[in-house]
Amino acid sequence: MTSLQTPPPENREQLPELNSKEPEHCPGPQSEQAGSADACQTCDNKDICTSLPKGPDPDIPLISQRLGSIKHKILVLSGKGGVGKSTFTSMLCWALASDEDLEIGAMDLDICGPSLPKMLGAATNESVHASNSGWTPVYVSDNLGMMSIQFMLPSEDSAIIWRGSKKSGLIKQFLKDVDWGELDYLVIDTPPGTTDEHLSVTTYMKEVGIDGALVVTTPQEVALLDVRKEIDFCKKAGIKVLGLVENMSGFVCPGCGNESRIFKPTTGGGEQLAKDLNIKFLGSVPLDPRIGRVCDSGECFFDLYPESPASDAILEVVESLRDEIEGQL
Ligand code: SF4
């Protein structure tokens, strides 16, 4: 199991000493279901977990207090991997941070595949500093700070092989201990699908509230099928869907600038799905191969290629998203 480098703040939560590793569907030794869930019935830790204190998580008020100085909190979701969710998250962060009057935070909750640090241009040897006020975010520009497990790994190539309760513990730590200060937007990048990470973040943030979720898809039916599940998850978790973005909806030739369809939608694509589900369609973003290159170099795409149709499309989506969020006020 990978060990993290960053020394924990003093108030770091201690997980209980268990007899053995938690099984796959463990609800978490500190959850209300600990000891009584189906997975607990054959688990060696059942007696320990049954005896642990139950009831509302005492850290939730601390999380609410910590995140109380953040105006807007957005989850970025996708039904499946490979649709460009983290790429879009990085561009959303750059777009928001291009307004110098805004303070932006990016939280990378893709614990097993953290890619935001590279996409946002954080140094590979960057580490997290802990002080009495908590963990200090890593700043990639004057008004854009970020936090990711990547900053705590001994090397860029270290794998995280953690079960649900351990991931949940780290997410709680991120929410409770990162000292963001006053932020206008906190953008939270999550892994694909509906995972332990999603359940944890929505549970821990239920008191302080999430403005909503932005869902990223591609036009193919195979991606749209999973997006329907993601939207159902939001409904069940009580999270407003702020809108749907269709990524890779066309291909921009970097030579001539012409746009062509590469993934032809068979059922109307993201726009039709948004209509069917009565959610806002925020727009379509074409694939420009230079997006991949700037993500590798950690630069801002629309600063470098303002003439690309993809730049216009991204900025329009972000404007539409801000209208949706700030219009709620
Ligand atoms: S909550 Fe405890 S008893 Fe239940 S599965 Fe997890 S480790 Fe085992």
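## Reading sites and packing in a predicted model

Author: UniProt, in an unreviewed entry, places the feature "binding site" at C253 and C256. UniProt positions follow the numbering used here, feature names are shortened, and annotations may be inferred rather than shown by experiment. This is a predicted model: local features need pLDDT of at least 70, side-chain atom pairs count only at pLDDT 80 or more, and totals for chains, interfaces and linings use all residues. Residues are numbered from 1 along each chain as its sequence is written.

Reader: Where is C253 found?

Author: Start with the element definitions. Helices (H or I, at least four residues) and strands (E, at least two) are DSSP runs, numbered from the N terminus. C253 sits in the loop between strand 9 (241–252) and strand 10 (259–260). C256 is in the loop between strand 9 and strand 10.

Reader: Is C253 buried or exposed?

Author: Count C-beta atoms, placed from the backbone. A residue is buried if 20 or more other C-beta atoms lie within 10 Å of its own, exposed if 12 or fewer, and partly exposed in between. C253 counts as exposed because it has 11 C-beta neighbours inside 10 Å. C256 has 7 such neighbours inside 10 Å, so C256 counts as exposed.

Reader: Which other residues does the UniProt annotation "binding site" cover?

Author: The unreviewed entry also gives C26, C40, C43 and C49. They spread over 24 residues of sequence, yet cluster in space, with a largest C-alpha distance of 10.7 Å.

Reader: How many residues surround the ligand?

Author: A residue is near a molecule or strand if its C-beta atom, placed from the backbone, lies within 6 Å of it. Here 15 residues surround the ligand, and the closest are C26, A34, C40, C43 and C49. By class, the shell has 11 nonpolar, two polar and two charged residues. Ala, Val, Leu, Ile, Met, Phe, Trp, Tyr, Cys and Pro count as nonpolar; Asp, Glu, Lys and Arg count as charged; the others, Gly among them, count as polar.

Reader: Where is C40, and what is C40 in contact with?

Author: C40 lies in the segment before helix 1 (46–51). It is buried, because 21 C-beta neighbours fall inside 10 Å. Two residues are in contact if their C-beta atoms, placed from the backbone, lie within 7 Å. Leaving aside neighbours within four places in sequence, C40 is in contact with A34, G35, K46 and C49.

Reader: What does C49 touch?

Author: C49 is in helix 1. With 26 C-beta neighbours inside 10 Å, C49 counts as buried. Not counting residues up to four places away in sequence, C49 touches P29, A34, G35 and C40.

Reader: At what angle do helix 3 and helix 11 pack?

Author: Two packed helices are described by the angle between their axes and the distance between the axes. Axes are lines fitted to C-alpha atoms, for helices over the stretch in contact, and angles run from 0 to 180 degrees between N-to-C directions. Helix 3 (residues 85–97) and helix 11 (residues 309–326) pack at about 70°, with axes 10 Å apart. Helix 3 and helix 11 are therefore roughly perpendicular. Angles under 35 degrees count as roughly parallel, over 145 as roughly antiparallel, 65 to 115 as roughly perpendicular and the rest as oblique. M91, L92, A95 and L96 of helix 3 meet I314, L315 and V318 of helix 11. This contact has seven nonpolar, no polar and no charged residues.
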